[in-house]
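This report describes how two protein chains are built and how they meet. Look at the sequence and the structure first, then read the sections in order.

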Amino acid sequence: MPHGRNESNVAPAAVTPLGDAARFVRTGSFHLHRATAGRDEIVLEGELDADCEDLFALALERARPGRSGEPIVVHGERLRFIDHRNLLVLERYADQSGATVVLRTPCATARRLVDLLDLKHVRAEAIA
Amino acid sequence: MRSGAAAGHHGYFHEAVVYDSDDHFQAVVLPFVTGGVAADEPTVVTLGDHNAGLIRAALPADTPVTFLAGGATYARPAAVIRGYRRLLAGHVAAGAGQIRIVGELPAAAFGPAWDSWARYESVINRAYDEFPVWTMCAYDARTTPEPMLADVERTHPRTARPHDRHEDNPAYVDPRTFLGEWRPVVPDRLQRDAPRVELSDPLPAEARQAVRAAATGVLTEEATGDLLIAVSETVTNALLHGRPPVRVRIWAGATRLVTTVTDRGDGPADPFAGLLPAAGPSLGGRGLWITHQASAHVALSRDESGFTVRLTAGDLESR
């Protein structure tokens, strides 16, 4: 698996990124895994850009948070960067799940982008 | 119902005020402001300290006029469009028949960043046209360089003059024409020297890493974050939509970072790309818009080397 990695109790995601993003060969990587605290809580770490958009969507599908109807909490304590494409992946996932995503992160650029994009289903909360 | 010179006009009524004295400024702008108040139209004054003071001093203290800080409001063109569109939509939703705004750009706009403000003045003819808004954009003829005044004439359909005169500008051109011209971009002084960093075909992650390193000790954390967003989007666009090779160059001054991203392609075909808000959350094409929102200054240029996006962060050079 070249880029993003799935850990913990989530099945491995796709081996290769799909579509245009396959033109990229290296990237900052990300980790996504379920938080042990609850089924609707996931941990997201690292950097996400166009490189891993498809992989992130797939990893999210496999982790499948949000089945309880409660808000999906994304623990982004160690999130370093997420671009607008991947925030839109979260937005679409939340919309399809009928849930709200709460992204808790100290990453100011993530919070700035959530604000710029006027997302309806994703909310960003600052944490230290 | 719209009052004043814009009565009966549909959409955006965009005027320049090119004044050469305080008296001239007041003779045009004061009736505009008091006329808006008298007609119960939301009236917004976004001026620098001196001209805002002239208006304040001439109005009774409880006059219902909204004063916004000129410098803070006009910090980056694409963000102004976003902010004003929200403000206008709010007033229209509340039932306003017309909104009046008088504004002027801060001194920093009249330097190497001018190209982006000229583009702003042109694109808003489209961006605000869905609202019943009448604006006056004030320019001081004593301090605004002649080529910039020529751009003002080409981007404002009308000029407002004393004694309630509102004249068509013969030099006005449609925004599609104005924005489709590739005007030469004034080089930043930092670009006279060799770049501190040069990357060939970097991934967005590698470009971000180079920016983080170069910004250390130069930019604030907030400015660094905004530049990371802009560089990441621009490199991604170059890789996805441009033509290789993609080159990233970074120049660092004491308080300013200049980053260029060049590819061999022609750049976006849509002259409005980056300046108008993207249509919906599921659509693509947001990268350049986000780049404009996040950047202190964006300059787009096209020449024999290809298409270049220049991103300037930190304290902008003014002349």
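## Surface and make-up of chain A

In this predicted model, chain A has an accessible surface of about 5,700 Å². Carbon and sulfur atoms account for 47% of that surface. Chain A has 128 residues, and 53% of them are buried.

The secondary structure of chain A consists of three helices and seven strands. Their order along the sequence is β-β-β-α-β-β-α-β-α-β. Contacts can also be sorted by how far apart the two residues lie in the sequence. Taking the contacts in chain A between residues at least 6 apart, 67% join residues at least 24 apart.

## Where the chains meet

How much area do chain A and chain B bury between them? The value is about 2,200 Å², and 53% of it lies on carbon and sulfur atoms. The size of an interface is often given in this way, as the accessible area lost when the parts come together. Chain A brings 25 residues to the contact, and chain B brings 27 residues.

Ten residue pairs are in polar contact between chain A and chain B, counting pairs with both residues at pLDDT 80 or more. On the side of chain A that touches chain B, three elements each supply at least two residues: β5 (79–82), α2 (84–97) and α3 (108–117) of chain A. Of these, α3(A) gives the most, with six residues. By type, the residues on this side of chain A are eight nonpolar, four polar and 13 charged.

## Salt bridges between the chains

Side chains of opposite charge can pair when their charged atoms come close. Six salt bridges are found across the interface of chain A and chain B. One salt bridge is formed by the side chains of Glu47(A) and Arg212(B), at 3.2 Å from N to O.

Glu47(A) and Arg212(B) also belong to a network of salt bridges.

## Salt bridges within a chain

Over all chains, the structure holds 22 salt bridges. In chain A, the side chains of Glu53(A) and Arg92(A) form a salt bridge with an N to O distance of 4.0 Å. This pair links distant parts of the chain: Glu53(A) is in helix α1 (residues 53–63) and Arg92(A) is in helix α2, 39 residues apart. Are these two residues buried, partly exposed or exposed? Glu53(A) counts as partly exposed because its relative accessibility is 21%, and Arg92(A) is partly exposed with a relative accessible area of 33%. Another salt bridge in chain A joins the side chains of Glu125(A) and Arg123(A), at 3.3 Å from N to O. Glu125(A) has a relative accessible area of 27%, so it is partly exposed. Arg123(A), at 43%, is partly exposed as well.

In chain B, the side chains of Glu181(B) and Arg154(B) meet in a salt bridge of 2.8 Å, N to O. Here too the pair links distant parts of the chain, 27 residues apart. Glu181(B) lies in the loop between α7 (175–180) and β8 (197–200), while Arg154(B) lies in helix α6 (residues 146–155). Glu181(B) is partly exposed at 27% relative accessibility, and Arg154(B) is partly exposed at 22%.

## Buried parts of chain B

Thr262(B) is part of strand β10 (residues 256–263) of chain B. Its relative accessibility is 11%, so Thr262(B) counts as buried. The side chains of Thr262(B) and Thr308(B) are joined by a polar contact of 2.8 Å. Leaving out residues up to four places away in sequence, Thr262(B) touches Pro245(B), Val246(B), Arg247(B), Arg249(B), Ser305(B), Phe307(B) and Thr308(B).

How many residues of helix α10 (residues 287–294) of chain B are buried? The count is eight of its eight residues, among them Trp289(B), Ile290(B) and His292(B). The cover over these residues comes from both chains: it includes α2 and α3 of chain A, together with α4 (77–93), α9 (221–241), β11 (297–303) and β12 (306–314) of chain B.

Note on methods
Residues are numbered from 1 along each chain as its sequence is written. Chains are lettered from A and ligands numbered from 1 in the order in which they are written. This is a predicted model: local features need pLDDT of at least 70, side-chain atom pairs count only at pLDDT 80 or more; totals for chains, interfaces and linings use all residues. Side-chain values use heavy atoms; hydrogens and water are left out. Contact means heavy atoms within 4.5 Å. Buried area is the accessible area (1.4 Å probe) that two parts lose on being put together, summed over both. A polar contact is a pair of N or O atoms within 3.5 Å; within protein, one must be able to donate a hydrogen and the other to accept it, and residues adjacent in sequence count only if both atoms are side-chain atoms. Helices (H or I, at least four residues) and strands (E, at least two) are DSSP runs, numbered from the N terminus. Ala, Val, Leu, Ile, Met, Phe, Trp, Tyr, Cys and Pro count as nonpolar, Asp, Glu, Lys and Arg as charged, and the others, Gly among them, as polar. Buried means under 20% relative accessible area, exposed over 50%, partly exposed in between (1.4 Å probe, protein chains only). Accessible areas come from the Shrake-Rupley method with a 1.4 Å probe; for residues, only the protein chains shown count as cover.
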